[in-house]
Amino acid sequence: MKTLTAYFLKDCFGGKTIRLVLCLFLGGTMFFVLSSRPADAFATRIIDGEVYARDYLFASLYFLRFTSLFLIATMAAGLFCDRRDHPLLARTSRWRLFLSKSATLVLSGSFFVLSMYFVLLFVYALSPFRHALGFPQGMGVALLAHVVHASLLSLLAALTVKKAGIYLVILPGYLLADLLCDYPLERATTSPITFIANAFFANIHQLPDGGFGFLASCFFMVFFASALFVSAFAIHERRDF
Amino acid sequence: MSCSIEVKGFKKRYRKTVVEIDDLRMEGRLSLLLGENGSGKTTLLKAMAGLLRHEGRITNTEGAVYVGSDPAFPSAFTVAEYFRFLSSLSGNVSEERIQGYLETFSLADETHKSMAELSKGNRQKVNLVQGFLEEKNLHLLDEPLSGLDKKARRALADHLSAREGRIVVATHELSFLARLSARRYRL
């Protein structure tokens, strides 16, 4: 299992980028932990004060969420629909193959989510500078659309070569969007961990920050993921290769 | 070796076509499977290896190794890394055996290359070697000559003649058939 999972991870991220991926993953995890509830003071420093309006946050997170989902879906398609499995099936069972692929998908998906989160926090951290520089207001939406569009194209291009270097393309896109978008009117005091969890597991416009809404949506996600896992396993065991 | 491979009432449905084989019995160590394009050679080999769901009965093919005709490999690996990975997965392949196969198929100088850099012929050689490395009683080779040069074809024919264990080969190449003393079956 370990050998197989390492093989799939290397296959997904490429030989040289795997170290970069691991470093970013560990860095993102550390940041994630540091900015969570036990370290609220630190988190507050990052997003405190003049944070973003809900509209801008929603636009960014909407993109982040679907980019992550898109990345994960593409990776799943690459992992589970492949002729390269023939040599592996001669050496291991279907269920082992499935579990290794699932483990790879979970690890890679966690990495995507955390790195997106990391990018977003980085953009937040830069917001006071943009405010101080007094960039023009009101021209953000169209530009954001262009940036999103360009980033998606870059993403598609990068996915075809399976390189984690896509983040180097996405990051300047976000920074540009951040510089040119409307500045916020409201304050957001939610801690980053709750905020990002809401963004990925629920609709931030409809659910209150944290609390029962977040827990309910987590439960729904776990239930949905379990059902998906069982169905995928059943299909994998019976499918043609 | 004494058990023959029996195929009875085989049927595989695709979206618009159906492959049917009523009765086929393959005996002997080396069998050649012949037939027109679309006659179901690949389908039958894959079904024998347990890679396809099908109707009907196929006997004595447990643990068969299928070696396809259009191989795909992970581009992030070099040839050496790939074989090392496969041997760690199998758990019973020595470095010497790998080296022996690499020399037989003239791949010894290609081991440092990435899979993506290999030519079609060399990819096919890697494909054959990975199949032969797995010590099983039955190997199913689907168009094994695809992309191979004369030298490699000769090496393959010699290897098939000398190898122990049952082998079923699906091919169109008549010149290749002449080299081998094998039973022929037409679909």
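From the N terminus on, chain B runs β-β-β-α-β-β-α-α-α-β-α-β-α-β, a tally of six helices and eight strands. Please keep in mind that this is a predicted model.

**Overall shape of chain B**
- A compact globule of 187 residues would have a radius of gyration near 16 Å, and the 17 Å of chain B agrees with that.
- The C-alpha trace of chain B spans about 45 × 35 × 30 Å along its principal axes.
- Buried residues make up 40% of the 187 in chain B.
- Among contacts in chain B with a separation of 6 or more, 73% come from residues 24 or more positions apart.

**The sheet in chain B**
- Five strands of chain B, in the order S5-S6-S7-S3-S8, form an open sheet with parallel pairing.
- Strand S5 (65–67) and strand S8 (183–186) of chain B each have a single partner strand, so one side of each is left without a neighbour in the sheet.
- From one strand to the next, the twist averages 20°.
- Within chain B, strand S3 (residues 30–34) runs parallel to strand S7 (residues 166–170), and four bridges join them.
- Ser31(B) stands opposite Val168(B) in S7(B).

**Where chains A and B meet**
- Chain A and chain B each bring 17 residues to the contact.
- On the side of chain A that touches chain B, helix H1 (2–13) and helix H5 (86–89) of chain A are the elements that give two or more residues.
- H1(A) gives the most to that side, with four residues.

Technical notes. Residues numbered from 1 in each chain as written. Chains lettered and ligands numbered in written order. Predicted model: local features only at pLDDT ≥ 70, side-chain atom pairs only at ≥ 80, totals over all residues. Contact = placed C-beta atoms within 7 Å. Pairing = 2+ DSSP bridges. Axes fitted to C-alpha atoms, helices over the stretch in contact; angles between N-to-C directions. Rg over C-alpha atoms; globule rule 2.2 N^0.38 Å. Buried ≥ 20, exposed ≤ 12 C-beta atoms within 10 Å, placed from the backbone.
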